[in-house]
Amino acid sequence: MRAKLLSILGGTLLSGMTYAGGFQVNLQGQKQIGMGHAGVGLARDQASIFFNPGALARIRQNGVQVGVSPLIAKIAYQEPEPGNTTAKTDNPLGTPFQVYGSYGFANDKARVGIGVYTPYGSTVNWGDTWQGRYGLNELTLRAIFIQPTFSYALTDKLSVGAGPIIALGHVNLQRSIPLQAANGQEGHVELDGNAVSYGFNAGIYFQATENLSVGLNYRSKVKMEVKDGDATFRVPSAAPIASRFPAGTQFDATLPLPANITLGLGLRATDQLTLAADVQFVQWSAYKSLRFDYTQTVNGSNFSENARNYQDVFIYRLGGEYAVSDQFQVRAGAYLDQSPVKDGYLTPETPDANALGLSVGLSYQLTEKLGLDASFLYLNRKKRTDAADLSGGVPGTFKSVGYIPGIAINYNF
Amino acid sequence: MKNSLQKIGAFIAGLLVLAACEPEINDAVKVSKGDLNLDKYVAVGNSLTAGYMDNGLYREGQLSSYPNILAGQFRQAGGGEFTQPLFTEEQANGSGYLRLAGFGAAGTPELAPVTDKLAIRSQNPTLYTKYTEEINNLGVPGIRMSDILTPGYGSALGNPYFERITTNPTQTYLARVVASNPTFFSCWLGNNDVLGYATAGAAANDITTPEIFTANTTEIINALTANGAKGIVATIPDVTGIPFFTTVGPTVKSLLSAAGAPGMIALTRKGSARVPFAVSQIKDATGGTILFPLTASAYLPLVGQRTGKYWRDLARQAVPTNPTLGLANILQNLQVDTTQLFGLSAGNPWPSALLLDDAEQKEVSDATISFNSVLKAKAQEKNLAVYDAYAYFNSIQSGFTQNGVSYSTAFITGNLFSLDGVHLTPRGYAIVANEMIKAINTKYNSRIPTADITQYRAVLFP
């Protein structure tokens, strides 16, 4: 069962998508998604490996969980007045996924686990005819985090946990070049590269009273360094032009994935109702610029650089779970997500804006060991008009919405 | 339990339907024609209006003429049909034009004529395949303000581009304009009243007199507005800022500097008078004023040689029946001794046609400024919108960026000017159309959207 699901995922996991501020993708657990993606202050399930490794030691059952959140994101664009040309993305279905498993020992005081998940990514496809095509045709950005984890209950109330992160990244960026061949075909550049990088995830969980719990989670910055990526140019063949875009050019680039600090509260309000609230602080200010260093001189320069100057942001999450029966729970939640993109820096890669996420979810225990989680998240990003004059972006108005159904199965033993 | 599962199923189905919704940018730009009646837009003008580019009039240029772009945008505000005298697909290359065939060793562009799929029905005189349907674009390449009252201008002996769209050869251009009876018009005339003189290096043609220019401007604007039509009038750009005049000079300057030559001697205007000038007087980025037209580039390698090639070429063109006699006459009239050093000696001076010197530039500049004040005054009198092309092209001399693309008045690399260095690329015409729309919106309380300029091409590269 598990192997089969993994193989299905293997076929489709190849794109993440813009989905929280910047290019963070907050879809790391179906139960948590249903509750506004809050969960640092709860020891809810194996997804604590991501949300709070400190809470993992509180999980009483060994188990695995496999989930996927097919992501439908749509972005509309309108050029600045007095123009009225519009464009919209034709994004492929994104497939952020989550795989967690853990095993307890030492009288269940200690627990080891592993998580594989996709916390950052972006796939936007504007095509090669829209007005901003010299800024961007298409961007695919994904990062798969692999996190072995150890969690230990220091006391009845206090547990800690941590794990290293191995991050596998891939970036593919395509743009039109404003040089047109005699047959009308425009120039094009494709930058494609991979990165491997490292970080860690650590957390503390404190069961203050029988009904109130507190969690603190820190996920470190991960510097994704692309080495020897391939820059492939298609330009008119006339020598003075072709020589400016040499074949065989490679590039290096660094994309910082920011550190996150999250404080979460969990409250068992009644026997049936559980509430969760998280405040997440994302240190996006690490993302200063998008710079590509080339191994050869490209169009007169051996690098290209556009300012990003992201700002740190807070995300506020609130969610509730109501247990209809022992087998069946329903959930609802919401979150407010600030945009790390400052005025003047909007880009078509992540046409970001403050966002409101609304979610619902449910869990159903099919058998004693096998359970099903489902969620649905609606994300509404505020319409944003920007001159994009500081980022080399595309000026205009952007509006995006996302619809993310999600499903996971868990097997506990 | 089963019941609640069904409810959940219905709920999930509802969510999936929701997922089909598209994001909307609700406050879409309101489109309005304001005070305008756009039922019948008629474009009056010269080559720029016709969509001439790359030294020719051909179908692609016609389709990207600024009037056609304007009409397309007007249509969003309820504007009527707009018909152009398009060359057919079979004769799409119209008059023929220049294409960029390659680059020389030094990176110099090599232009080649396109000679297939032409619409030429007679070689001598040159006449084009007729288009006699009713049309909205009355742009006639080559027409001057001073030509609009000339009888027979539409005959086989007149302007072949006007002849092409004329059924009554005795009808003047003005009469044709009157008969078109527009509800809205654009009028961009007058460029050729100075341009022809300038591009000939002041060695041929004449600048229209201010009296004729004023009288004819009055005539045509009065006629266009007689039925209450509103419109836009465009001014004449400073011709000395176009790549036709700014591309070659810097090369001449660096070549002469490298060779250690102190300066050149050139003929001025139409006579045999000589003007000497220092290398430093040639205009490039560092300073100077003297301009060399694109036509000079073919003769640059001959500077300092004992040659009469330019004059032989001229004679063959001017007196094809007897070039030998033609050459003798030219050399005698201009007192040229081709055994002396070409361009560097008073005996064998640089031809006037390949240079626009300070005095010539002043004539062109004075006329341009005077014509523009006539055009603006007349537009103001009739309360018309004005596209001040003179101010606009002066304002972009240092270049600008839009949609991540750099634009400037540089030849080929500037994206605005076509391969003749005088007329615009489709992208350049779209930019002009958008500037006109802004002027129209300001004047007439309309909200006509501008066009997406990236849908129009710049120079095509091999």
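A cavity is a set of grid points where a 1.4 Å probe fits but cannot get out. The views below come from a predicted model.

**View 1. The second largest cavity, lined by residues of chain B including B:Leu48.** About 170 Å³ of space lies in this cavity. Its lining holds 15 residues. Nearest the centre are B:Leu48, B:Asn191, B:Pro237, B:Ile242 and B:Val422. Helix H2 (47–50) and H7 of chain B are the elements that each give two or more residues to this lining. By class, the lining has eleven nonpolar residues, four polar and no charged.

**View 2. The largest cavity, with A:Leu141 among the residues nearest its centre.** Its volume is about 270 Å³. It is one of nine cavities of 30 Å³ or more. The lining counts 26 residues. A:His170, A:Val171, A:Leu255 and A:Leu290 join A:Leu141 as the residues nearest the centre. The lining divides into 17 nonpolar, six polar and three charged residues.

**View 3. The second largest pocket, with H7(B) as the element that gives the most to its lining.** About 1,500 Å³ of space lies in this pocket. It is lined by 40 residues. B:Asn55, B:Thr199, B:Phe244, B:Leu294 and B:Thr295 lie nearest the centre. H7(B) contributes five residues to the lining. Strand E3 (109–114), helix H7 (191–199) and H11 of chain B each supply at least two. Of the lining residues, 22 are nonpolar, 14 polar and four charged.

**View 4. Helices H11 and H12 of chain B where their axes cross.** H11 spans residues 309–318 and H12 spans residues 323–334. Their axes come within 8 Å and cross at roughly 125 degrees. The two helices are therefore oblique to each other. H11(B) passes H12(B) in a right-handed crossing. On the H11(B) side, the contact uses B:Trp311, B:Arg312, B:Leu314, B:Ala315 and B:Arg316. They meet B:Pro323, B:Gly326, B:Leu327, B:Ile330, B:Leu331 and B:Leu334 in H12(B). By class, this contact has eight nonpolar, one polar and two charged residues.

**View 5. Helices H6 and H8 of chain B where their axes cross.** H6 covers residues 173–180, and H8 covers residues 210–225. The axes come within 9 Å and cross at roughly 15 degrees. That angle makes H6(B) roughly parallel to H8(B), because angles under 35 degrees count as roughly parallel. H6(B) passes H8(B) in a right-handed crossing. B:Tyr173, B:Leu174, B:Val177 and B:Val178 represent H6(B) in the contact. Their partners in H8(B) are B:Glu219, B:Ile220, B:Ala223 and B:Leu224. The contact has seven nonpolar, no polar and one charged residues.

**View 6. B:Val303 and its contacts beyond its sequence neighbours.** B:Val303 sits in the loop between strand E10 (274–278) and H11 of chain B. Neighbours within four places in sequence are left aside here. The remaining contacts of B:Val303 are B:Leu256, B:Met264, B:Phe342, B:Leu344 and B:Trp350. B:Pro349 lies 46 residues from B:Val303 along the chain. The C-alpha atoms of B:Val303 and B:Pro349 are separated by 9.6 Å.

Technical notes. Residues numbered from 1 in each chain as written. Chains lettered and ligands numbered in written order. Predicted model: local features only at pLDDT ≥ 70, side-chain atom pairs only at ≥ 80, totals over all residues. Heavy atoms only, no water. Axes fitted to C-alpha atoms, helices over the stretch in contact; angles between N-to-C directions. Helix = DSSP H or I, 4+ residues; strand = E, 2+ residues; numbered from the N terminus. Parallel < 35°, antiparallel > 145°, perpendicular 65-115°, else oblique. Left-handed = near helix turned anticlockwise from the far one by under 90°. Contact = heavy atoms within 4.5 Å. Nonpolar A, V, L, I, M, F, W, Y, C, P; charged D, E, K, R; others polar. 1 Å grid on protein atoms, 1.4 Å probe; cavity = no way out; pocket = protein on both sides within 12 Å on 5 of 7 lines; lining within 4 Å. Points joined across faces, edges and corners; volume = space filled by probe spheres on them.
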